Amino acid sequence: MKQFTSVYDVENIDELLKTALEIKANPFAQQEVGKNKTIGLIFFNPSLRTRLSSIKAAYNLSANVWVLNAGADSWTLEMADGAVMNGDTQEHITEAIKVMSAYCDVLGVRTFPKLVDRDEDYNEVMFNKVKGLSSVPVVSLESATLHPLQSFADLITIAEKSGYTPGEKSAKKVKVVMTWAPHPKRLPQAVPNSFAQWFSKVDWVDFTVVQPKGYELDAKFTDGATIEYDQEEALKDADFVYAKNWSSYENYGEVIPQDKDWQVTMEKMDLTNKGKFMHCLPVRRNVVVADEVLDSDTSIVIDEATNRIFSAQTVFHEILKNK
Ligand SMILES: CCC[C@H](NC(C)=O)C(=O)O
Ligand SMILES: NC(=O)OP(=O)(O)O
């Protein structure tokens, strides 16, 4: 593996899933791969799970790890090429990334979208600038439009909980429904784009996206998914319900008021096939999902968050094993 920025960097999803399940079963068996190696993590935006699971994954491989909160721990960075830096910015992103990539063997980067200029975000201007400046392989810790480490962890979780074994033909497809849910802020489309990109490609899953009109995701990510607008209808017989808020792609970055309540409640989960509730976290309780769901064994969000260790550890392993 040369980099991990999207599902397209994965040669064979089933093979990678098999490796992840093997690593999870024996998490300290690959320490040769991480020995004397360093994983660098740069965050341009906040994080709990991605930060801590990536550190834990590095430790499991006996790799060293450093973390930098860009702009907070570092000098104030100038992003614009050609800038005359006689203002408040003290260091250009060019030197900063070149230096940081000299201090590690793999570079993880988180760059959220601004949600103002759709072209800028969907061309991944910031993430690709960093990737272009790095002298080592880059791993996405969530970019403007994708979150592959989260999606890979979601795949591991659904495989485990549904009893899917990589390489084996499954008798019945697993029904996975990603549902839009409300949120007081306007959030990126990265998590749902990435989830849709991965699960539209997995042949043992029957994948549906349900959202209000005006919240359709970019079709390049949902190609192959069933698109629905009636949440109750879509949830019927679901085995897994993946809830997430996202702002409008069409009316970029906007929050469109809804007359129906899209919050996931136990009443809605009762429409499913004893379905399990998933969310990448952080989650707004009693806005996105009711306490009664999160606090019941219907929810597997902690198992899902735990699998972030093994999605990261597998990706770092696959990149470092060739170095
Ligand atoms: C993992 C999720 C990160 C981010 N969530 C928030 C609250 O900004 C998002 O929705 O992309
Ligand atoms: N799910 C996830 O990536 O969480 P953080 O934003 O806390 O890293």
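Let's start with residues 191–316: this stretch is 33% helix and 13% strand, and its end C-alpha atoms lie 20 Å apart. (Helices, H or I with at least four residues, and strands, E with at least two, are DSSP runs numbered from the N terminus.) An unreviewed UniProt entry annotates residues 191–316 as "domain: Aspartate/ornithine carbamoyltransferase Asp/Orn-binding"; such annotations may be inferred rather than shown by experiment, with shortened feature names and positions in the numbering used here.

Keep in mind that this is a predicted model, where local features need pLDDT of at least 70 and side-chain atom pairs count only at pLDDT 80 or more, while totals for chains, interfaces and linings use all residues. Residues are numbered from 1 along each chain as its sequence is written, and side-chain values use heavy atoms, leaving out hydrogens and water.

Now look at the open sheet, whose 4 strands run in the order E2-E1-E5-E6 with parallel pairing (strands pair if DSSP finds at least two bridges between them). At its edges sit E2 (64–69) and E6 (138–140), each pairing on one side only. E1 (residues 38–43) joins E2 through 6 bridges, and threonine 38 has asparagine 64 of E2 as its bridge partner. Helix H3 (residues 49–60) packs on the sheet, touching E1, E2 and E5 (106–110), and its direction makes about 160 degrees with that of E2. (Axes are lines fitted to C-alpha atoms, for helices over the stretch in contact, with angles from 0 to 180 degrees between N-to-C directions; contact means heavy atoms within 4.5 Å.)

Which residues of helix H4 (residues 93–102) are buried? They are Ile93, Thr94, Ala96, Ile97, Met100 and Ser101, where buried means under 20% relative accessible area (1.4 Å probe, protein chains only). These residues pack against E1, E2, E3 (77–78), E4 (91–92), E5 and helix H6 (125–133).

Definitions and conventions. Chains are lettered from A and ligands numbered from 1 in the order in which they are written. Buried means under 20% relative accessible area, exposed over 50%, partly exposed in between (1.4 Å probe, protein chains only).
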